[in-house]
Amino acid sequence: MQPFRSFGESDDPWFRVGQLAATTTVIVSAMSVACMFVWAFEGFERPITQKLILISSSRFGSVGEGEIWRLVTWPLPTDPGLWPLLLIAVFWMLGSQLEALMGRVRYTFFLLILTVVPALIMTALELVDIYGAAFGLRYVELGVLVAFATHYSSIRFWPGIPAWGLAGIIVGMAMLEAISARGEYDFILTVIMAVLAPLLLRALGHAEQHEWIPKFPLPVRLGGGSYRRPPAGQRRRHQTRRRSTHLTSVKPPPPPPPGEVAAQAKIDALLDKMGEHGLESLTEAERRSLEDLSKRLRDKRDRD
């Protein structure tokens, strides 16, 4: 199982602003927060956000009327409030783990498909007189939650609820809420997200333990397994060796010191235990030890 990272930490950002790693998750979360301020100050007519949301044919325009950018922009407009802010925070926490698992390119592809495909389906449903509107990270965050629970199904949340159980409760409540409000549009969009997320995750080469989920073929670059980007120090050494190969032979790197080997072995043992029995199987001391050892090895490799 891919080890957990500190939230927001990444070896594979698009760029850095000081110490901040600008990953896809961070960029989307920041844009959603910025849209809260736009929503608050643009006025009652909402000339900006009304042009971004996914909406059926109306005086505001729609994809069917040629405004195709709505296929991509609809998760960004966010009305100010505590609940939308909490959804953004959950998206950031779970999304950062999935992005560390997949790598920035495949995770961006994952989010793009999770955004565009449901929007296309909902636009097509206008032909059978199903109308509605969607905006904010609510539905995309739901897909990210389902994908996270599919891959990390043994992880447990307080008070001992497994990830798959928590995702099932949240999806079920979202469906029940849509049925109660007679929201046919919301119900269908929720079902699409709940089904598409695990299918897409499997197609990208993850959640291999769930063989019952169909796996659709994707290009080799996208359909691989877990992404593991080498530490920065290791990448620099590799690039230097490649540039100097035509000038001189390269000596093999020295073996890691015994202390580093022992630390890595202990980390592997704790990760195996967590993968088999869940996060709660680790004692408080073991969790601290896992965090300390992981940080120590990362710091050492970065220095090297």
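I began with a definition: an axis is a line fitted to C-alpha atoms, for helices over the stretch in contact, and an angle between two axes runs from 0 to 180 degrees between N-to-C directions. I note that the model is predicted.

**Entry 1: helix 1 and helix 4**

I looked up how helix 1 (residues 24-41) packs with helix 4 (residues 104-124), and I found an angle of about 40 degrees. Their axes lie 10 Å apart. Angles of 65 to 115 degrees count as roughly perpendicular and those under 35 degrees as roughly parallel. I therefore recorded helix 1 and helix 4 as oblique to each other. I then listed the residues that make the contact: helix 1 gives Thr24, Thr25 and Val28, while helix 4 gives Arg104, Tyr107, Thr108 and Leu111. Sorted by class, this contact has three nonpolar, three polar and one charged residues.

**Entry 2: the second largest pocket**

I next turned to the second largest pocket, for which I noted a volume of about 290 Å³. It is lined by 15 residues, and Val28, Val72, Leu76, Leu111 and Thr115 are the closest to its centre. Helix 1, helix 2 (70-73) and helix 4 each give two or more residues to this lining. I counted the lining by class as eleven nonpolar, four polar and no charged residues.

**Entry 3: helix 3 and its end**

I checked the length of helix 3 (residues 82-102). At 1.5 Å a residue, its 21 residues should span 30 Å, and the end C-alpha atoms are 30 Å apart, so the two values agree. After helix 3 comes Gly103, and I recorded its phi as positive, near 95 degrees.

Conventions: Residues are numbered from 1 along each chain as its sequence is written. This is a predicted model: local features need pLDDT of at least 70, side-chain atom pairs count only at pLDDT 80 or more; totals for chains, interfaces and linings use all residues. Side-chain values use heavy atoms; hydrogens and water are left out. Helices (H or I, at least four residues) and strands (E, at least two) are DSSP runs, numbered from the N terminus. Angles under 35 degrees count as roughly parallel, over 145 as roughly antiparallel, 65 to 115 as roughly perpendicular and the rest as oblique. Contact means heavy atoms within 4.5 Å. Ala, Val, Leu, Ile, Met, Phe, Trp, Tyr, Cys and Pro count as nonpolar, Asp, Glu, Lys and Arg as charged, and the others, Gly among them, as polar. On a 1 Å grid over the protein atoms alone, a cavity is a set of points where a 1.4 Å probe fits but cannot get out, and a pocket is an open set with protein on both sides within 12 Å along at least five of seven lines; lining residues have an atom within 4 Å of a point. Grid points are joined across faces, edges and corners, and a volume is the space filled by probe spheres set on the points. The expected span of a helix is 1.5 Å times one less than its number of residues.
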